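This briefing covers the pockets and a surface patch of one protein model. Please look at the structure below before reading the points.

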Amino acid sequence: MTTLATRPTPARNRSGTRTGRRVAVTVVAALVLLLTVLASFALGSRQLGVDQVWHALVAPDGGDASTIVRELRMPRTALGLAVGLALAVAGVLFQALTRNPLAEPRILGISAGASFGVVLAISVFGVGTLAGYVWFGIAGALIAGLLVFAIATRAREGASPVTLALVGAALDASLASGVYALLSIDARTFEEYRFWVVGGLAGRDLSVAAQVLPFVLVGLVLAALVARGLDALALGDDVARGLGHRIGLVRLGGGLAAVLLTGAAVAAAGPVAFVGLAVPHLARALVGADHRWTLAVSALLGPALLLAADIVGRLVAPPGEIPAGIVTALIGAPLLAVLVRRARVVTA
C-alpha cells in the first residue's frame, strides 16, 4: 500500500514565512529601541561611556555622571518611552478607526482639547508647573474625544469614519480659536504655553512620566483588546458584522484608547508632530496590515523615533538644544515621503 507523505500547503508555507518575518522585525525593533535608550543616557552636551551609564544606574556615587544620568537624562528617557509609545499606538488606532492613512491625533480634535485644557489651567486656575497642568491636558483631551463621539453617533450614518473626521476637524478649529483667544489677552499664559506647545522632553521630571503612565497602560490594554476588531473594520462595517464583531464596541474601545493615549502624551510633552503619523506607516510597511503586529511594532518604533529625535536635538547645537517636537517633524516628514514614494505603505 502506497502512502503519501503530507506536505505543507503553499498557503501554510506563506503563513509561516510571514509570521517568521514579523517576529524577526519585532525583535529588531526591540533591539533598536534598547540601543536608543542607551544612547539617550550616554549622549548629550557631555558624552558618557557605557560603563559610566551602567555605574550611574546601578551604583550611583553622587558624582557628575550619576547626576547627569539620574536627574537629567533618566526623566526625559522615561517620558520619551511613554510618550513615543502612546503617540505611535494612538496613530495606528486613529488611522484604523477613520480609515484614513493620513489621520493623526488632531483628526478628532484630541490635541486641541489637550491644548485648551492646558491654557485654561494656566490662565484661569493659575497653575504654573507642568506637573500641575498635565491633568488639565488629559481632561481636555478626554472631554474633546467624548464630545466628538457623542456628536458623531447622533448623525444619520452613525459614527462613520467620515463623520468622525468632520466632527473632529470642526472641534479642532473651534478649540484652537478658544486657545488663541485666551493667549491674546494674557501675556503670562502665552509665555507658559509657548514652552509647552513646542513639544519636547526637556524640563520634565519623573513625576510627569508617573502621572501619565496609568493612562498609557489603560490605553494599551484597550488597544490590544480591539485589535482583531480593527482588522474586521478594515473590510467594511457589513463584513465586520458578518464576522460577528460588534462594531460599535470596537469603535468605542478603540476611540477611548486613542483618546487616553493621545491625551496623556500631549499633556506631558506637548503636541509632538509626526510620531503618530509616520510610525504606523513604517510598521505596516514592515509587518503588514494585521493590527496586532502593527500595534506591537509601532509601540517599539514610536519611542525609538522620539528618543532619537531628542538625542539629535541635544547634539546639533550644544550646550543648547532643539526641542524634540521640532526634530520629529524634520525626521518624520521625509520618512513618510519615502514610504509613500516607494509604495510600501499598506493602509488598514
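Helix α6 gives the most to the lining of the largest pocket, with five residues. The model is a predicted one.

**Largest pocket**
- The space in the largest pocket comes to about 420 Å³.
- Its lining is made of 22 residues, and those nearest the centre are Arg 106, Ser 111, Ala 112, Ser 115 and Pro 271.
- At least two lining residues come from each of α4 (110–123), α6 (161–185), α7 (187–197) and α11 (275–287).
- Sorted by class, the lining holds 16 nonpolar, three polar and three charged residues.

**Second largest pocket**
- The second largest pocket holds about 240 Å³ of space.
- It has 17 lining residues, with Leu 72, Arg 73, Arg 76, Arg 314 and Glu 321 nearest its centre.
- Helix α3 (residues 64–98) supplies the largest share of this lining, six residues.

**Nonpolar surface patch**
- A nonpolar patch on the surface consists of Val 198, Val 312, Val 316, Ile 322, Ile 326, Leu 330 and Ile 331.
- Together these residues have about 530 Å² of accessible area.
- Three residues of the patch, its largest share, belong to helix α13 (residues 324–341).
- Ile 326 is located in helix α13.
- Ile 326 counts as partly exposed because its relative accessibility is 38%, and partly exposed covers the range between under 20% (buried) and over 50% (exposed).

Definitions and conventions: Residues are numbered from 1 along each chain as its sequence is written. This is a predicted model: local features need pLDDT of at least 70, side-chain atom pairs count only at pLDDT 80 or more; totals for chains, interfaces and linings use all residues. Side-chain values use heavy atoms; hydrogens and water are left out. On a 1 Å grid over the protein atoms alone, a cavity is a set of points where a 1.4 Å probe fits but cannot get out, and a pocket is an open set with protein on both sides within 12 Å along at least five of seven lines; lining residues have an atom within 4 Å of a point. Grid points are joined across faces, edges and corners, and a volume is the space filled by probe spheres set on the points. Helices (H or I, at least four residues) and strands (E, at least two) are DSSP runs, numbered from the N terminus. Ala, Val, Leu, Ile, Met, Phe, Trp, Tyr, Cys and Pro count as nonpolar, Asp, Glu, Lys and Arg as charged, and the others, Gly among them, as polar. Patches are made of residues with over 30% relative accessible area and no salt bridge: like charges are joined within 9 Å, nonpolar side chains (Val, Leu, Ile, Met, Phe, Trp, Tyr) within 5 Å. Accessible areas come from the Shrake-Rupley method with a 1.4 Å probe; for residues, only the protein chains shown count as cover. A salt bridge is a side-chain nitrogen of Lys or Arg within 4 Å of a carboxyl oxygen of Asp or Glu. Buried means under 20% relative accessible area, exposed over 50%, partly exposed in between (1.4 Å probe, protein chains only).
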